[in-house]
Every structure is written in structure tokens, then in C-alpha cells.
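Open the structure in your viewer and keep the sequence panel beside it. At each stop, select what is named, then look around it.

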Amino acid sequence: MIMSLAVALGLLIFSVTQTSAKENITLAPGLDIFTSLEDLLNFFRNDPSPLARQILKVFKRDCLYVNNPAFKDNTDKPFIVIIGNHRATRESVGIALASMLNGKYMTYPAPCLQRFINQMPKGTMLRRAFYFLSNYASAFYAKIQLNLRNPVVLNGYYFEQLTFSIVNSFLPDAMPAVTSEVYKFPEDLLRPDLVFFVNLSDQLMFKRVTTRNPLHWKPRTIDLYRMMQSRHPIVIQEASRFARDTASSMYNYINDHLNHRHGELHHEPRGNSCA
């Protein structure tokens with residue numbers, strides 16, 4: 001009897017711990033996707049763990065360190081996001097693209113939060129909230145550079161958490177329709193001008209030295225990005241053997257599709273364009 005009571009009490013405490021941090025927040029229907037910065041801040045305020053309190057403190061102190069009403073969301077320089085299925089490839093491509101644009105290459109999570117990466121407990125709501133929060137920190141850093149008239153190339157952003165949540169929450173034949181509110185971009189988050197999904201094919205992937213296991217290949221992710229192209233400025237970019245060739249193709253696409261919105265972009269030096 002005493003043991004049963006202890007077990008029941010333990011389950012009750014676990015249940016309270018799991019749900020207490022969700023008070024006063026709104027999640028996307030069917031998914032643990034936060035829909036605004038205020039929802040995220042409420043989560044961290046309600047989470048009693050010391051780690052959550054420390055993350056919130058650092059975010060307010062180090063990630064949003066300028067409160068400048070002169071900051072604009074829309075500038076004359078492009079905000080480009082790079083995502084993809086091979087970390088080393090998209091990093092090399094992102095660095096090359098930023099150089100061609102004479103812009104700033106930025107990594108994700110944001111520098112102010114990177115100290116917490118190895119402390120995040122796997123499979124927890126806190127871990128998911130941390131990565132969603134980092135989107136707002138990255139957006140703040142990007143906004144600073146854009147207001148300094150520097151193009152920004154950001155490696156990783158909101159769409160990665162969105163697709164991860166969807167792929168791991170729905171069976172292939174039960175995916176939400178593209179018109180679902182699940183795919184809505186947060187209204188208070190800086191929108192990228194273009195999102196490049198750099199796809200490293202199986203043929204190239206397994207010829208390289210890579211940490212990627214073939215069993216982890218998920219074509220559903222690419223299909224999901226293709227579906228979201230009708231709602232977001234997503235471009236599926238096939239990776240070439242050399243990162244600079246891939247970056248050149250992306251650079252040309254940016255010039256063709258954004259120059260009417262952002263004016264003349266930095267021109268790549270002669271002789272470096274992709275044939």
C-alpha cells in the first residue's frame with residue numbers, strides 16, 4: 001500500500017512538472033510548436049528548473065541587448081536562410097555565399113545561447129523551447145546586420161524545428177494539408193527573403209567522409225519542404241560536388257529574384273561564377 005502510494009505520488013509529481021511550464025502558452029494545433037515570443041517567454045517563466053531560469057536570464061541580458069526603435073524589419077539587403085540534409089555541406093555553402101554577397105555568415109543557435117547546447121536534456125519540452133527561442137535571438141542578430149546594410153546568410157532557422165516536429169508527429173498519410181495553420185510563420189519573427197534547402201544527394205553523400213548514417217535518410221523532409229514552397233519562399237537547391245559551385249547557383253538565383261526588391265547586390269568577382 002505504501003509502495004503504491006509512493007508510485008502514485010511520483011507519477012503525480014512528474015505530471016505536474018511536465019505540464020506546469022505550459023501554462024499561459026499557445027501551441028500550434030497538434031504540435032509542440034510555439035507561435036510567438038511571448039509564448040516562449042511564458043514557458044521559461046513557468047518552468048521551475050534552474051536551467052530554464054538561466055536561459056531566460058541570458059536571453060534577456062545578452063540576446064536582446066539593444067532596444068532601438070529605429071530598427072527596421074525591412075531593409076534593402078537580403079536575409080537568406082540555409083538549411084539542408086548535410087551539416088558540413090550547408091556550412092561550406094553558406095560561408096561561400098556570404099562571401100559572394102559581401103555579407104555576414106551567421107550560425108544557429110545564436111552565439112548568446114550556444115553555451116547551453118550541451119546542457120539540453122534530450123526529448124524534453126525544454127529542449128524544444130530552447131531551439132525555438134534561439135530563432136528570436138538569431139533574428140535579433142540578423143536585424144542588427146541588416147540595419148547596418150549587410151546581407152545576412154543564416155545557417156539554420158525556424159523551418160528546421162517546424163519540419164522536425166511535423167515529420168515526427170504525423171504518419172506519411174496523415175500529414176496536415178498545406179493550408180493548415182501548422183505551417184503559418186510566427187508573425188513576430190523576422191521573415192527571410194529566401195530559404196535554400198541544400199539537398200546533398202545519396203550519390204554524393206555516401207562518397208564523402210560523413211557522419212550521416214544511410215538509415216537516417218528521410219526523403220519525407222524534402223517532400224515536406226517542396227509542399228511548403230506554396231506558402232514560403234523556399235528553394236530546393238541540389239548540392240554540387242564543390243561548395244562554391246552550389247553557392248554560385250544560389251547567388252545567381254538571389255540576383256534574379258531579389259534585385260528588384262533590394263537594388264543592386266554585390267557582384268561576385270569575375271571568374272568565380274558557376275559555368
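**Stop 1: a loop residue**

Select N102. In this predicted model, N102 sits in the loop between α4 (87-100) and β2. Check its backbone angles. Phi of N102 is near 55°, a positive value in a residue that is not glycine. Most residues other than glycine have a negative phi. Is N102 buried or exposed? Its relative accessibility is 53%, so N102 counts as exposed.

**Stop 2: another positive phi**

Now jump to R149. R149 belongs to the loop between α5 and β3 (152-155). R149 is not a glycine, yet its phi is positive, about 65°.

**Stop 3: a cis peptide bond**

Select Y108 and P109 together. The peptide bond that joins Y108 and P109 is cis, with omega about 0°. Most peptide bonds are trans. P109 lies in the loop between β2 (104-107) and α5.

**Stop 4: the whole chain**

Zoom out and show the cartoon. How many helices and strands does the chain have? The chain comes to 9 helices and 5 strands. Trace them along the sequence, and the pattern reads α-α-α-β-α-β-α-β-α-β-α-α-β-α. Colour the chain by accessibility next. Of its 275 residues, 46% count as buried. Now think about contacts. Take the contacts in the chain with a separation of 6 or more: residues 24 or more positions apart account for 76% of them.

**Stop 5: a strand residue**

Select N155, which lies in strand β3. N155 has a relative accessible area of 8%, so this residue is buried; the cut-off for buried is under 20%. Show its neighbours. Leaving out residues up to four places away in sequence, N155 touches I82, R90, E91, Y105, M106, T107 and Y108. Pick R90 from the neighbours of N155 and draw a distance line. N155 and R90 are 65 residues apart in sequence, but 7.4 Å apart in space, C-alpha to C-alpha.

**Stop 6: helix α2 on helix α5**

Two packed helices are described by the angle between their axes and the distance between the axes. Select helix α2 (residues 37-46) and α5 (125-147). The axes of α2 and α5 come within 10 Å and cross at roughly 140°. That angle makes α2 oblique to α5. The crossing of α2 past α5 is left-handed. Which residues make the contact? From α2, show L37, L40, L41, F43 and F44. From α5, show M125, L126, A129, F130, F132, L133 and Y136. Sorted by class, this contact of α2 with α5 has 12 nonpolar residues, no polar and no charged ones.

**Stop 7: helix α3 on helix α5**

Look at the side chains. L51, A52, I55, F59, D62 and C63 of α3 meet L126, F130, L133, Y136, A137, F140 and Y141 of α5. The classes in the contact of α3 with α5 are 12 nonpolar, no polar and 1 charged.

**Stop 8: helix α2 on helix α3**

The axes of α2 and α3 come within 8 Å, with a crossing of roughly 135°. α2 and α3 are therefore oblique to each other. In α2, L37, L41, F44 and R45 meet A52, R53, I55, L56, F59 and K60 in α3. By class, the contact of α2 with α3 has 7 nonpolar, no polar and 3 charged residues.

**Stop 9: helix α6**

Finish on helix α6, residues 158-169. Draw a line between its end C-alpha atoms. At 1.5 Å a residue, the 12 residues of α6 should span 16 Å; the ends are 17 Å apart, which agrees. Now pick out the buried residues of α6: Y158, F159, Q161, L162, T163, S165, I166 and V167. What do the buried residues of α6 pack against? Show β1 (79-84), α5 (125-147), β4 (194-199) and α8 (219-228) to see their partners.

How values were computed
Residues numbered from 1 in each chain as written. Predicted model: local features only at pLDDT ≥ 70, side-chain atom pairs only at ≥ 80, totals over all residues. Heavy atoms only, no water. Helix = DSSP H or I, 4+ residues; strand = E, 2+ residues; numbered from the N terminus. Expected span 1.5 Å × (residues − 1). Buried < 20%, exposed > 50% of the residue type's maximum accessible area, 1.4 Å probe, protein only. Contact = heavy atoms within 4.5 Å. Axes fitted to C-alpha atoms, helices over the stretch in contact; angles between N-to-C directions. Parallel < 35°, antiparallel > 145°, perpendicular 65-115°, else oblique. Left-handed = near helix turned anticlockwise from the far one by under 90°. Nonpolar A, V, L, I, M, F, W, Y, C, P; charged D, E, K, R; others polar.
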